[in-house]
Amino acid sequence: MSDDKYKARLEEQLRELESRLERIERDLDEPHDPDSSERAVQMEDDESLEAQGRLVTREITSTKRALDRIEKGEYGYCVECGEEISDGRLEARPESALCINCAKKG
């Protein structure tokens, strides 16, 4: 797959992730129910949403870094060892910064 196709996929992925993060943030901004038992459930839900938000934020960062590597002409090469990242790995995870061997080491 060409860098242009990966770029299009990454841009779409970024839009989806940013939209998901907006929904999570909107849900977290919802006021809690005054009923104490319901509020406890909502607070547990908030903890889960906060964890999801952190994960989505990391994915956004990885996606933006991959787009930056495309712009610099460095996309598809491992940031650790410099070896080419396999097409299969990039197909599965277009934001990958590491080849499979370096990813296994980490």
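Predicted model: local features only at pLDDT ≥ 70, side-chain atom pairs only at ≥ 80, totals over all residues.
Is E71 buried or exposed? E71 is exposed, because its relative accessibility is 54% and the cut-off for exposed is over 50%.

1. Salt bridges in general. The structure holds 5 salt bridges. Side chains of opposite charge can pair when their charged atoms come close.

2. E71 and K7. K7 counts as partly exposed because its relative accessible area is 25%, whereas E71 is exposed at 54%.

3. E91 and R9. A salt bridge also joins E91 to R9, and here the closest N and O atoms are 3.9 Å apart. Because R9 lies in helix α1 and E91 in helix α3, this pair ties together parts that are 82 residues apart in sequence. The cut-off for a salt bridge is within 4 Å, and the 3.9 Å of this pair should be read with that in mind. Both partners are partly exposed: E91 has a relative accessibility of 36%, and R9 has 32%.

4. D68 and K72. The salt bridge of D68 with K72 has a closest N to O distance of 3.2 Å. Both residues are in helix α2, and because they are 4 residues apart there, about one helical turn separates them. D68 is partly exposed, with a relative accessible area of 38%. K72 is exposed, at 55%.

5. The aromatic pair. The structure holds 1 aromatic pair. Its members are Y6 and Y75, with 5.3 Å from centre to centre and 50° between the planes, and the arrangement is tilted. This pair links distant parts of the chain: Y6 is in helix α1 (residues 3–29), and Y75 is in the loop between α2 and α3 (87–92), 69 residues apart. Y6 and Y75 are both buried.

6. The negative patch. D33, D35, E38, E44, D45, E47 and E50 form a negative surface patch. D35 is in the loop between α1 and α2, and it is partly exposed because its relative accessible area is 40%. E50 lies in helix α2, which covers residues 36–72, and E50 too is partly exposed, at 39% relative accessibility.

7. D35 and E59. How far apart are the C-alpha atoms of D35 and E59? They are separated by 35 Å, with the two residues 24 positions apart along the chain. As noted above, D35 is in the loop between α1 and α2.

8. R65 and S96. R65 is in helix α2. Its relative accessible area is 54%, so R65 is classed as exposed. The C-alpha atoms of R65 and S96 are 9.4 Å apart in space, while the residues are 31 apart in sequence.

Notes
Residues numbered from 1 in each chain as written. Heavy atoms only, no water. Patch = residues over 30% accessible without salt bridge, like charges linked within 9 Å, V, L, I, M, F, W, Y side chains within 5 Å. Areas by Shrake-Rupley, 256 points an atom, 1.4 Å probe, with all protein chains shown as cover. Salt bridge = Lys/Arg side-chain N within 4 Å of Asp/Glu carboxyl O. Lys, Arg positive; Asp, Glu negative; His and termini not counted. Charge placed at Lys NZ, Arg CZ, Asp CG, Glu CD. Helix = DSSP H or I, 4+ residues; strand = E, 2+ residues; numbered from the N terminus. Buried < 20%, exposed > 50% of the residue type's maximum accessible area, 1.4 Å probe, protein only. Phe/Tyr/Trp six-rings, centres within 6.5 Å; stacked < 30°, edge-to-face > 60°.
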